[in-house]
Amino acid sequence: MLTSVDTDLLRVLADPLRLQIVTLLAQETLCTTHLIEETGARQTNLSNHLKVLREAGIVETEPCGRFTYYRLKPDVIASLADQFADLAETARATAENNVKRSCP
């Protein structure tokens, strides 16, 4: 049973703008122009956040003419959700079995 969560992925998603981008991309594939309109972020700031998301393997790109479209990789999010589900199951088992460490 897994009892820890991918902290690198959590750090990436902890940024409010990156989480907003991920939420938007869960609903549809968007280009940078769409993401600027939706988030109100500046192009350079948005591009930096998209680079972090790409490098973390959370989004993938699709070139289309002079535009680049971004798509969320659902398997990465599902894997993180599974890790949290495992963590919750461990916590349930701990609570049910009243597992606690003795104080010295």
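Guide: Read from the start of the sequence, the protein chain of this predicted model runs α-α-β-α-α-β-β-α, a pattern made up of five helices and three strands. With a radius of gyration of 18 Å, well over the 13 Å that the globule rule gives for 104 residues, the chain is more spread out than a compact globule, and its C-alpha atoms fill a box of roughly 65 × 25 × 20 Å along the principal axes.

Against that background, the structure holds five salt bridges. In one of them Arg11 pairs with Asp8, the closest N and O atoms lying 3.0 Å apart; because these two residues are three apart in helix 1 (residues 7–14), about one helical turn separates them. Arg11 counts as exposed at 56% relative accessibility, and Asp8 is likewise exposed, at 52%.

In helix 4 (residues 43–55), Lys51 and Glu55 are four residues apart, about one turn of the helix, and they form a salt bridge whose closest N and O atoms are 3.9 Å apart. Here Lys51 is partly exposed, with a relative accessible area of 42%, whereas Glu55 is exposed, at 60%.

Helix 5 (residues 74–96) contains Glu89 and Arg92, three residues apart and so about one turn of the helix from each other, and their salt bridge has its closest N and O atoms at 3.2 Å. Glu89, at 37% relative accessibility, counts as partly exposed, as does Arg92 at 47%.

Finally, Glu60, Glu62 and Arg71 are linked in a network of salt bridges.

Note on methods:
Residues numbered from 1 in each chain as written. Predicted model: local features only at pLDDT ≥ 70, side-chain atom pairs only at ≥ 80, totals over all residues. Heavy atoms only, no water. Rg over C-alpha atoms; globule rule 2.2 N^0.38 Å. Salt bridge = Lys/Arg side-chain N within 4 Å of Asp/Glu carboxyl O. Buried < 20%, exposed > 50% of the residue type's maximum accessible area, 1.4 Å probe, protein only.
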